[in-house]
Amino acid sequence: MASILSVRDLRKSYGEHEVVSGVSLAVERGQCFGLLGPNGAGKTTTLRLCLGLTEPDAGSIELAGEPVPARAREARTRVGVVPQMDNLDPDFTASENLLVYGRYFGLKEADIRARIPQLLEFAGLTGRGESRIQTLSGGMKRRLTLARALVNDPDILFMDEPTTGLDPQARHLIWERLKQLLAQGKTILLTTHIMDEAERLCHRLAIMDRGRIIAEESPRRMIERHIEPEVIEVYGEGVAQWAAGAVRGTASRVEQSGETVFFYATDARPLLSHLEDERSLRYLHRPANLEDVFLKLTGRELRD
């Protein structure tokens, strides 16, 4: 497939701090590409560089067939953007927000008005076109922001943490809408801290840390490559002492976070047998997931 976004050896520094350190990636048409990483990893800066909103120090970017930043304005006519924080205009209704945004792309008012009912229906906001922004719930605002990003019928969507802070119902609705867009042949570049979201939506993803890409593959292949297949989370009084003694050698890797001990194993049966006799301990046995990979590669320490 031809890449709709191609980035090579991208670099950006602020003072002596290099925020993006030689990032290279390619996003294929019709796919969802996830960019994951802790706070401060350089994800949002990378998106801004790709959109031509920030000048790179080095590297090359081609977006929708145009070189960026030289022809960033032309490239952005084929792009929709869902920012991390909603920036809808509170002085306008839902429909007016779509109309004003469409004018930024030079679209005719009649063409925008013709698209508004379809966009509101897609966002689950039929009948709310005349509603003021202050009257909409958080989920409604997020869906309206997604609809706004589609007003110019873009080829690729840049989505910066699109479902953060939403309740499960709103999150699942947005996931379904994004799957519809992918089925229509749209391309999505997604940043998220929700690992389940990345596993559900992404054909391919990259984990970024301290300005560098440290892993890149499909979600399933990344889990298979970097983590043991079974995980047992054990918690309860005295779990650390129990883990240090009775279960030595029953897991490939053991990690403790707070009052929970994580056991990573190829075969969890010996450890489960030990746990049957430990009435003071509780545990959860599950398959490994993308969050396990993320924490293994980037660490468990808090990033602010």
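In this predicted model, Asn-289 caps the N-terminal end of helix H11. A side-chain oxygen of Asn-289 lies 3.0 Å from the backbone nitrogen of Glu-291. The helix itself spans residues 290–298. At its other end, H11 is followed by Gly-299. The phi angle of Gly-299 is positive, near 90 degrees. Within H11, the buried residues include Leu-290, Asp-292 and Val-293. Phe-294 and Thr-298 are buried as well.

H11 also packs against helix H8, which covers residues 219–226. Two packed helices are described by the angle between their axes and the distance between the axes. For H8 and H11, the axes come within 9 Å and cross at roughly 55 degrees. An angle under 35 degrees would count as roughly parallel, and one of 65 to 115 degrees as roughly perpendicular. The two helices are therefore oblique to each other. H8 passes H11 in a left-handed crossing. On the H8 side, the contact involves Met-222, Ile-223 and His-226. These residues meet Leu-290, Val-293, Lys-296 and Leu-297 of H11. By class, the residues of this contact of H8 with H11 divide into five nonpolar, one polar and one charged. Two of the H11 residues in the contact, Leu-290 and Val-293, are buried. An α-helix has 3.6 residues a turn, so residues three or four places apart point the same way.

H3 passes H5 in a right-handed crossing. H3 contributes Ala-94, Asn-97, Leu-98 and Tyr-101 to the contact. H5 contributes Leu-144, Ala-147 and Arg-148. The residues of the contact of H3 with H5 divide into five nonpolar, one polar and one charged.

Thr-191 is found in strand S8, which runs over residues 187–191. Thr-191 has a relative accessible area of 0% and is buried. The side chain of Thr-191 makes a polar contact with the side chain of Asp-160, at 2.5 Å. Beyond four places in sequence, Thr-191 touches Met-159, Asp-160, Glu-161 and Pro-162, among others. Leu-35, Lys-43 and Leu-47 are also among the residues that Thr-191 touches.

Conventions:
Residues numbered from 1 in each chain as written. Predicted model: local features only at pLDDT ≥ 70, side-chain atom pairs only at ≥ 80, totals over all residues. Heavy atoms only, no water. Helix = DSSP H or I, 4+ residues; strand = E, 2+ residues; numbered from the N terminus. Buried < 20%, exposed > 50% of the residue type's maximum accessible area, 1.4 Å probe, protein only. Polar contact = N/O pair within 3.5 Å; in protein donor to acceptor, adjacent residues only side chain to side chain. Contact = heavy atoms within 4.5 Å. Axes fitted to C-alpha atoms, helices over the stretch in contact; angles between N-to-C directions. Parallel < 35°, antiparallel > 145°, perpendicular 65-115°, else oblique. Left-handed = near helix turned anticlockwise from the far one by under 90°. Nonpolar A, V, L, I, M, F, W, Y, C, P; charged D, E, K, R; others polar.
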